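Hi there,

Here is the structure I promised to pass on to you. Have a look at it first, and then read my notes below.

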Amino acid sequence: MDRPHVRNAIDAATVAELHEVCADLERRPRVLVLTGSDGVFAAGADIRELRERRRDDALAGINSGLFDRIARLPMPTIAAVDGPALGGGAELAYACDFRLATPRARFGNPETGLGIMAAAGATWRLRELVGEPLAKEILLAGRVLSAEEAHAVRLVNELVPAEELLDAADRWAGRILKNAPLALRLTKLALAAPPGAHPQFDNIAQAVLFETEEKHERMTAFLERRR
């Protein structure tokens, strides 16, 4: 995201561009790395646009629909966060599977101070990520987490210097991609499945994987002690 003049605020054009990215990744699944520019991840939704939105815009789920689509991408996603990730920017980071951050990263949801709520995933994703008590501090009392605090509660997977952020994201992507792509995709689906879908979903997914040539080759390589 590269709109430094508005601190990478997420506007309609950004939403449209990210939908295009999602469409491409749905056609050809790969790992996605999302990052900002000029020391800012995304300082929220574009307030000038947000101020003019009305009931029907909220019901259309402009941001929530996009972030849900990102969360449901076939392969894992990584948010590489440098500087503020606030409001919609924080919710975008919450929608990713992994979050890497620099020491100057900050996470918060100040929406209620603007007369609205964090309606693009924070009320439920954040609770799942950090627990209900801390989620309430952030959503109801305006607490902003520093990078160190976010790392301590595992909202952030790794802290790295700013100059190493994209290298770290590449390293994480490389670690992920050492695994079998279909196994990654089905594991991600299993993690997102409702409790009632288990263990049946897992059994069916495993049955699919048991029949793949990649499973046979990888296990044979393991038994023969070769890469």
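**Rings, charges and pockets**

Phe 98 counts as partly exposed, because its relative accessibility is 22%. Please keep in mind throughout that this is a predicted model.

Which ring does Phe 98 pair with? The partner is Trp 172, and the two form a tilted aromatic pair, with 5.3 Å from centre to centre and 50° between the planes. The count of aromatic pairs comes to one. Phe 98 belongs to strand 4 (residues 98–101) and Trp 172 to helix 9 (residues 165–176), so this pair ties together parts that are 74 residues apart in sequence.

Is Trp 172 buried or exposed? With a relative accessible area of 11%, Trp 172 is buried, because buried means under 20%. The ring of Trp 172 also has a charge over it: the charged end of Arg 175 sits there, 4.6 Å from the ring centre. You will find another such arrangement at Phe 210, where the charged end of Lys 215 sits over the ring, 5.0 Å from its centre.

The largest pocket has a volume of about 850 Å³. It is lined by 24 residues, and those closest to its centre are Ala 71, Asp 97, Lys 188, Leu 191 and Ala 192. Helix 4 (62–71), strand 4, helix 6 (122–130) and helix 10 (181–192) are the elements that each give two or more residues to this lining. Which of them gives the largest share? That is helix 10, with eight residues. Sorted by class, the lining of the largest pocket holds 15 nonpolar, one polar and eight charged residues.

The second largest pocket has a volume of about 650 Å³. Its lining is made of 26 residues, and the closest to the centre are Ala 45, Leu 50, Arg 53, Ile 116 and Met 117. Here the elements that give two or more residues are helix 2 (47–52), helix 3 (55–60), helix 4 and helix 5 (88–94). By class, the lining of the second largest pocket has 14 nonpolar, six polar and six charged residues.

Happy browsing, and best wishes

Notes:
Residues are numbered from 1 along each chain as its sequence is written. This is a predicted model: local features need pLDDT of at least 70, side-chain atom pairs count only at pLDDT 80 or more; totals for chains, interfaces and linings use all residues. Side-chain values use heavy atoms; hydrogens and water are left out. Rings of Phe, Tyr and Trp (its six-membered ring) pair if their centres lie within 6.5 Å; planes under 30 degrees apart count as stacked, over 60 as edge-to-face and the rest as tilted. Helices (H or I, at least four residues) and strands (E, at least two) are DSSP runs, numbered from the N terminus. Buried means under 20% relative accessible area, exposed over 50%, partly exposed in between (1.4 Å probe, protein chains only). A charge sits over a ring if NZ of Lys or CZ of Arg is within 6 Å of the ring centre and within 35 degrees of the ring normal. On a 1 Å grid over the protein atoms alone, a cavity is a set of points where a 1.4 Å probe fits but cannot get out, and a pocket is an open set with protein on both sides within 12 Å along at least five of seven lines; lining residues have an atom within 4 Å of a point. Grid points are joined across faces, edges and corners, and a volume is the space filled by probe spheres set on the points. Ala, Val, Leu, Ile, Met, Phe, Trp, Tyr, Cys and Pro count as nonpolar, Asp, Glu, Lys and Arg as charged, and the others, Gly among them, as polar.
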